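Look over the chain before reading on.

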Amino acid sequence: IRDPLRNMGQEFFKLFKGKHIGQRIHANAVRDLFKAVGGFAADAVGRGRGVVQLRVFLLDVHQLIEKPVVLVVGYFRCILHVIFFGVVVQLLAEFVNPRAQLPIDYELKLEEKPSGSELTLGELYEENYKSVVGISAYTDGQSGYNWGTGFVLTADGLIVTNTHVINGADSATVTLYDDTVLNATLVGADSISDIALLKVKGIGLTPAVIGDSSELTVGDAVAAIGNPLGEQFRMTLTNGVISAINRGVSYNGRSMTLMQTNAAINEGNSGGPLYNMYGQVIGITNMKMMSSYSSIEGIGFAIPSTTMRDIVNALVKDGEVRGRPSIGITVGAIPDNASSHYDIPGGLYISDVTKGSDAEAKGIKVGDILLECNGVEVKTTDDVAEIKSGLSVGDSIHFKIWRDGETFEVDVVLMDTNDIYN
């Protein structure tokens, strides 16, 4: 809503400047200038009017002296009107799309796994359910709302959830364990990591304890508390194990590194906590594997707490995450049988080129095959990620690409992920 409002303010300024002050004052000034020059010329050629012409000339000069003052006053009045209108626009924008005041004095730190014994599922639930919340996201002009889960980070109301839960919404509310509903303001939302922060006016809320996901191993027991399938099933506890670590999953055309679990995850669980058996949050549940032609169960995913820490600490400071380099292409490995069947070289198939990226500007197209990065042969997405990990925004990466039987080389500048995806 803000950009249209700001554009309206600019159009208002143009209208005010052009018709009400600028054009009229300039027209008067130009007219008076010609009058003064005319008076001077008449007096200079001595048309017999003597003092009369001198008086006219002085009056014209006096008008010239006055008009700049009027002009300055006019523009000053115009600036005051624009400032006033800008304040109104900002208030309207904040009312429609509220944002929290930044920066927020908070730093998310991960706690080590305690040395004591693990909790039972009942103990885990009893210790943690008060930190779990429901998220309702509303869009103006539409009936219904998006429903998801979140959890409390601070006693004064900092809430974390998934970006896709609130994406496109105009407002959101947070429902606490005791059915208290609080209006939420947006701290920041990052579509790349799928992590968003909200702020409510809370006192004495129960913060979750955040553990270190890097301490997990495959087979570790975990549990999730969330709101699957809507309000009817709020505060549902499910459990399982860590099925895989550092699982690459495609999300919105980009690859995310997630933890895989067989704990039941369904729509509405998004944004909720995944716990280790010490009651520490070690991930944010954000998706499950689904299929339109078969039933898939027991394959859910969560964002590691190590990722959450970095994103949350950036959002509370700036409301966004900067400094992540992106090429602007989506690639996938080409199976050996497909390579031989279609008589194409092995490498990485480019399935998408992001608009606005330097890759697009340099002419890279869907269907191209990436053979080398910086002189190194690439066969998997991890090969590209490893090369990119040592580079920064603004650096170039050298590609060797195959297209229609021919190869060519091109340098692509890495751009900030926020600039081409968010």
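## Overall fold

This is a predicted model. The protein has 422 residues, and 42% of them count as buried. Its secondary structure comes to nine helices and 20 strands. Among contacts in the protein with a separation of 6 or more, 64% are between residues 24 or more positions apart.

## The barrel

Six strands close into a barrel. Their order is β1-β2-β3-β6-β5-β4, with antiparallel pairing. On average, neighbouring strands of this sheet are turned by 40° against each other, direction ignored. Helix α5, residues 305-318, packs on the sheet. The helix touches β2, β3, β5 and β6, and its direction makes about 50° with that of β6.

Strands of a sheet pair through backbone hydrogen bonds, in either a parallel or an antiparallel sense.

Start with β1, residues 132-138. Six bridges join β1 to β2, residues 146-152, and the two run antiparallel. Within this pair, I135 has G148 in β2 as its bridge partner.

Next comes β3. Strands β2 and β3 pair in the antiparallel sense over two bridges. The hairpin of β2 and β3 has five residues between the strands, and in it G157 takes a positive phi near 110°.

β3 then pairs with β6, again in the antiparallel sense, over four bridges. The bridge partner of I159 in β6 is L198. So which side of β3 is covered, one face or both? Both faces are covered. L158 and V160 lie on one side, I159 and T161 on the other, and all are buried.

## Pairings from β14 to β16

Another run of pairings involves β14, β15 and β16. Five bridges join β14 to β15, residues 348-353, and these strands run antiparallel. V331 has I350 in β15 as its bridge partner. β15 is also joined to β16, residues 369-373, by two bridges, and this pair runs antiparallel. L348 stands opposite L370 in β16.

The table collects the pairings described so far.

| Strand pair | Sense | Bridges |
|---|---|---|
| β1 and β2 | antiparallel | six |
| β2 and β3 | antiparallel | two |
| β3 and β6 | antiparallel | four |
| β14 and β15 | antiparallel | five |
| β15 and β16 | antiparallel | two |

## The largest pocket

Rolling a probe the size of a water molecule over the atoms shows where empty space is left. The largest pocket has a volume of about 1,300 Å³. Its lining has 35 residues. Nearest its centre lie S255, M256, T257, A385 and K388.

Which elements give two or more residues to this lining? They are β8 (236-251), β9 (254-261), α5, β13 (325-326), β14 (329-333) and α8 (381-389). Helix α8 gives the most, with six residues. By class, the lining of the largest pocket divides into 15 nonpolar, 14 polar and six charged residues.

## The cavity

How many cavities of 30 Å³ or more does the structure hold? It holds one. The largest cavity has a volume of about 30 Å³. K113, D212, E215, L216, D220, N276 and I282 line it. Four of the lining residues are charged, two are nonpolar and one is polar.

## Two residues

Take I245 first. I245 is found in strand β8. Is I245 buried or partly exposed? Because its relative accessibility is 32%, I245 counts as partly exposed. Leaving aside neighbours within four places in sequence, I245 is in contact with L216, T217, V218 and L258. T217 is 28 residues away along the chain, yet its C-alpha atom is separated from that of I245 by 7.3 Å. One of these contacts, L216, also belongs to the lining of the largest cavity.

D358 sits in helix α7, residues 358-361. Why does D358 count as buried? Its relative accessibility is 14%, and the cut-off for buried is under 20%. Neighbours within four places in sequence aside, D358 is in contact with D411, V412, V413 and M415.

Key. Residues are numbered from 1 along each chain as its sequence is written. This is a predicted model: local features need pLDDT of at least 70, side-chain atom pairs count only at pLDDT 80 or more; totals for chains, interfaces and linings use all residues. Side-chain values use heavy atoms; hydrogens and water are left out. On a 1 Å grid over the protein atoms alone, a cavity is a set of points where a 1.4 Å probe fits but cannot get out, and a pocket is an open set with protein on both sides within 12 Å along at least five of seven lines; lining residues have an atom within 4 Å of a point. Grid points are joined across faces, edges and corners, and a volume is the space filled by probe spheres set on the points. Ala, Val, Leu, Ile, Met, Phe, Trp, Tyr, Cys and Pro count as nonpolar, Asp, Glu, Lys and Arg as charged, and the others, Gly among them, as polar. Two strands pair if DSSP finds at least two bridges between them. Axes are lines fitted to C-alpha atoms, for helices over the stretch in contact, and angles run from 0 to 180 degrees between N-to-C directions. Contact means heavy atoms within 4.5 Å. Buried means under 20% relative accessible area, exposed over 50%, partly exposed in between (1.4 Å probe, protein chains only).
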